[in-house]
There are 2 protein chains.
Amino acid sequence: MKLIAFDADDTLWVNEPNYVDVKQELCTLLSHHVDEETLTNRFYDAQIRNLHIFGYGAKSFILSMIETAIELTDGAITGYEIQQIIDVGRRLIDFPIDVLDGIPEVLETLSKDFDLMVLTKGDLFDQESKIARSGLGHYFKHVEIVSEKNEQAYQRVLQKYNVRPSDFIMIGNSLKSDILPVVHIGARAIHIPYAITWVHEQVADEHLVGKSFTTLESARELLAILKIKEIN
Amino acid sequence: MKLIAFDADDTLWVNEPNYVDVKQELCTLLSHHVDEETLTNRFYDAQIRNLHIFGYGAKSFILSMIETAIELTDGAITGYEIQQIIDVGRRLIDFPIDVLDGIPEVLETLSKDFDLMVLTKGDLFDQESKIARSGLGHYFKHVEIVSEKNEQAYQRVLQKYNVRPSDFIMIGNSLKSDILPVVHIGARAIHIPYAITWVHEQVADEHLVGKSFTTLESARELLAILKIKEIN
């Protein structure tokens, strides 16, 4: 049986806008210390620097916010203000999950004919919590949360479940994490772009030359492309 | 084939003393604000409160240290001092891994006759990094990092690998996480206590009544108890 894996954030549900909102709150909290452009740049630098130390996810994001605030105020920021930053960041842990249009219906239909998997990178605790809060968990036979979605990670997952690349389909919004490494291991990838993409996940057009994958506008188009008869 | 799973922290390598050292550094950093006993108690409260929000691991520990410092100084702690706390906490991300006595030899021998797994709870990023730094990764056919080690988590792992409880052996230092839930699902558990146990992992004696498991002094005794002929 074919295995269809879905990315989670911004594929099954809205995620990035929550991070953008929290970063915007950080701008507001620090507006008397620094302008927005400087903050945005220095915060991105902190995030990338900390990616190798703390990984992805809410806790890493909060720690990068704190470090950026300390750095940009030369340590003058108070404990009270840092607690405000933590409290704003905490929203990333329990925001209500806004499932994307068409997802429940598509999962309902696909789960009758395929083994479905959530295959996401990030913080284990964050991602498990989001899956639980989404109410979508029961559609998925498997959940795999990995620290980075590269070719090796996909190969490990396929080996673990004894699935050949020709029997694997990955669906996601990130060209970098969901599409290119999957194409490179000879499996099928379906790209459903989301309105906004974190800079770190963006891919230059030149990296797409010669790669074959399908791009859809919404998850609703999956059934047609996977030749599944829709049940209404 | 039987599946033997090893807990990681304080079973394969020294972990808890690193956390104790970092907490001790926090005491030193805050010594002009608060006495050690108060700090220890409030920090433990913060850790337990944050366990449900941030989970286990280094990042959660650092955030709890920051919150405790802000709370105990009524927000008077400076950004500069908080950066010191983060820098001390960062040691939890890259401390050198001190593999426990006898572990490499035991894994070398067992890996010839059994499928070995690392089965640990905690932060995905932390735990993967420690496995890589330990140099023990090649002995393990599987790695499973879960957010909590309870009966459901063990059942999910056994289902995933299609292993019956009677073919599963769990080895670890925590009665709460490695032994009791494993005994409760009808599998075999071998307890190898470590010198110190985090308060949160401690179990009252009354919970052990009627439970069958084996306690060993060191991993070196595993080969005899598993009736494996040692090769020298």
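This is a predicted model: local features need pLDDT of at least 70, side-chain atom pairs count only at pLDDT 80 or more; totals for chains, interfaces and linings use all residues.
Two strands count as paired if DSSP finds at least two bridges between them. By that rule, I190(A) has T214(A) as its bridge partner in β6(A).

**Relation of the two chains**

**Contact between the chains**
- In chain A, 29 residues are in contact with 29 residues of chain B.
- Helices α2 (36-54), α3 (58-72), α4 (79-94) and α6 (124-134) of chain A each supply at least two residues of the side that touches chain B.
- The most comes from α3(A), which gives 8 residues to that side.
- By class, the side of chain A that touches chain B has 16 nonpolar, 8 polar and 5 charged residues.
- The copies meet through the same surface, because 100% of the interface residues of chain A are also interface residues in chain B.

**Strand pairing in chain A**
- Strand β4 (residues 168-172) and strand β5 (residues 188-191) of chain A pair in the parallel sense over 4 bridges.
- G172(A) has H191(A) as its bridge partner in β5(A).
- Between β4(A) and β5(A) the chain passes through helix α8 (residues 175-184) of chain A, and this β-α-β crossover is right-handed.
- β5(A) also pairs in the parallel sense with strand β6 (residues 214-215) of chain A, over 2 bridges.

Definitions and conventions: Residues are numbered from 1 along each chain as its sequence is written. Chains are lettered from A and ligands numbered from 1 in the order in which they are written. Two residues are in contact if their C-beta atoms, placed from the backbone, lie within 7 Å. A crossover is right-handed if, with the strands pointing away from the viewer, the path from the first strand over the helix to the second runs clockwise. Ala, Val, Leu, Ile, Met, Phe, Trp, Tyr, Cys and Pro count as nonpolar, Asp, Glu, Lys and Arg as charged, and the others, Gly among them, as polar.
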